[in-house]
Amino acid sequence: MKLIKQVIYKWISSKFMGGCSNYNSLEVRRGCRSKKQARDKFAKGNIPHAKGAIFFNPFTAVKFAKEHGFPLVIKPNVSGFSRGSHFPIRNYKELWRAIFFAKLWWPTTVVEQYLQGKNYRVVMTKSGVISVLQRYPAFVKGDGVSTISTLIHTENNVREKMGLYPCNNPISLGQQTIHYLAKQGLTLSSIPDTDQQIDLFYRISLAPGGVVETIPRDLIPAYNNELFAKVLDLFDAEILGIDVIMEQGIEHDARNQKLIFLEVNSRPYLNMHNYPRYGQADDLSEHLGLITIVKNQQADIF
């Protein structure tokens, strides 16, 4: 059985985790595996997180919706890169559909309240915050003249010239984008106003065309840094990729705004920090060199 698990994890690691770091011990990785584990640790440490529930029976999510209302988020209890996540869910039809697709990824599922805000990946080590990315879904910004189709072509050309494609992806002109535009009453031939931002997919991830922006670390208030350090200590980790949504932004004190910590990643995808669409890439090498790697990480064990 152990050998089978090693083979499966090796396949998962090669298939889905290229570019991910591996500085934490097996014990730490196992402690960060599911969103339930993260939610339990956040609760223990009084870290702000969304009100929610873990469920196998879909009617638990329906009951949660009746008690707390919409919008909501549905996501698999175990997944990466936002796979299987659906938000914002605004009615029961969308809720049932999201549950079905989330359970294709993992049998247990998370339902929680949704917060509209700015989405960040914070990389935290024992020496402090070493990089912050603000993450965006695929989008284009109008110029008052060009169609959405033209704007997508222009954006994809910019990405190619910037050399982002080893990590980023071009925005699709296919059914996924057409369907999402239709939900907004738009088509690929629509012409957005000048500076009007048109989101082209709900999921904030690189795979469907999302991008990232490097946020200067000196903009982060001292209290926010202390909060991220507290999360690292809760998991007893060497390094974590911490996902958080802040209503006003990471440059504002966390005590003065709504925010929710989403999850932690014990093997954060550091490669994307080398390919920001906006801002200058952080050089992480010096900070990573300070991490003392345990001798037997059992990297091939899930």
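Helices (H or I, at least four residues) and strands (E, at least two) are taken here as DSSP runs, counted from the N terminus. With that settled, note that the model is predicted.

**Stop 1: two cis prolines**

Select residues 86–89, which make up strand 3. Pro-88 sits in this strand. Look at the peptide bond that joins Phe-87 to Pro-88: it is cis, with omega about -15°.

Now select Phe-70 and Pro-71. The bond from Phe-70 to Pro-71 is also cis, and omega is near 0°. Pro-71 belongs to a loop, the one between helix 4 (58–68) and strand 2 (72–76).

**Stop 2**

Ten salt bridges turn up in a search of the whole structure. Side chains of opposite charge can pair when their charged atoms come close.

Select Lys-36 and Asp-40. Their side chains form a salt bridge, 2.8 Å from N to O. Both residues lie in helix 3 (residues 35–44), and because they are four residues apart, about one helical turn separates them. Is Lys-36 partly exposed or buried? Lys-36 has a relative accessible area of 39%, so the residue counts as partly exposed. Asp-40 is partly exposed too, at 42% relative accessibility.

Arg-39 and Glu-112 are both buried.

**Stop 3**

Select Glu-155 and Arg-159. Here the side chains meet in a salt bridge of 2.7 Å, N to O. The spacing is again four residues, now within helix 6 (residues 148–161), so the pair is about one helical turn apart. Glu-155 has a relative accessible area of 10%; under 20% means buried, so Glu-155 counts as buried. Arg-159 is buried as well, at 1%. Then select Arg-39, Lys-75 and Glu-112 together: salt bridges with shared partners join these three into one network.

**Stop 2: a nonpolar surface patch**

Zoom in on Trp-106. This tryptophan is in the loop between helix 5 (92–102) and strand 4 (109–113). Trp-106 is partly exposed, with a relative accessible area of 32%.

**Stop 3: the second largest pocket**

What is the volume of the second largest pocket? The value is about 180 Å³. Twelve residues line this pocket, and the closest to its centre are Ser-25, Glu-27, Val-28, Phe-235 and Asp-236. Select residues 26–31 to see helix 2, which gives the most to the lining, with three residues. By class, the lining holds five nonpolar, three polar and four charged residues.

**Stop 4: positive phi**

Keep Asp-236 selected. Its phi is near 55°, a positive value in a residue other than glycine. Asp-236 is in the loop between helix 8 (222–235) and strand 10 (239–246). The residue is exposed, at 59% relative accessible area.

Finish at Asn-46. Asn-46 is not a glycine, yet phi is positive, about 55°. The residue lies in the loop between helix 3 and strand 1 (52–55). Asn-46 is exposed, with a relative accessible area of 66%.

Key. Residues are numbered from 1 along each chain as its sequence is written. This is a predicted model: local features need pLDDT of at least 70, side-chain atom pairs count only at pLDDT 80 or more; totals for chains, interfaces and linings use all residues. Side-chain values use heavy atoms; hydrogens and water are left out. On a 1 Å grid over the protein atoms alone, a cavity is a set of points where a 1.4 Å probe fits but cannot get out, and a pocket is an open set with protein on both sides within 12 Å along at least five of seven lines; lining residues have an atom within 4 Å of a point. Grid points are joined across faces, edges and corners, and a volume is the space filled by probe spheres set on the points. Ala, Val, Leu, Ile, Met, Phe, Trp, Tyr, Cys and Pro count as nonpolar, Asp, Glu, Lys and Arg as charged, and the others, Gly among them, as polar. Buried means under 20% relative accessible area, exposed over 50%, partly exposed in between (1.4 Å probe, protein chains only). A salt bridge is a side-chain nitrogen of Lys or Arg within 4 Å of a carboxyl oxygen of Asp or Glu.
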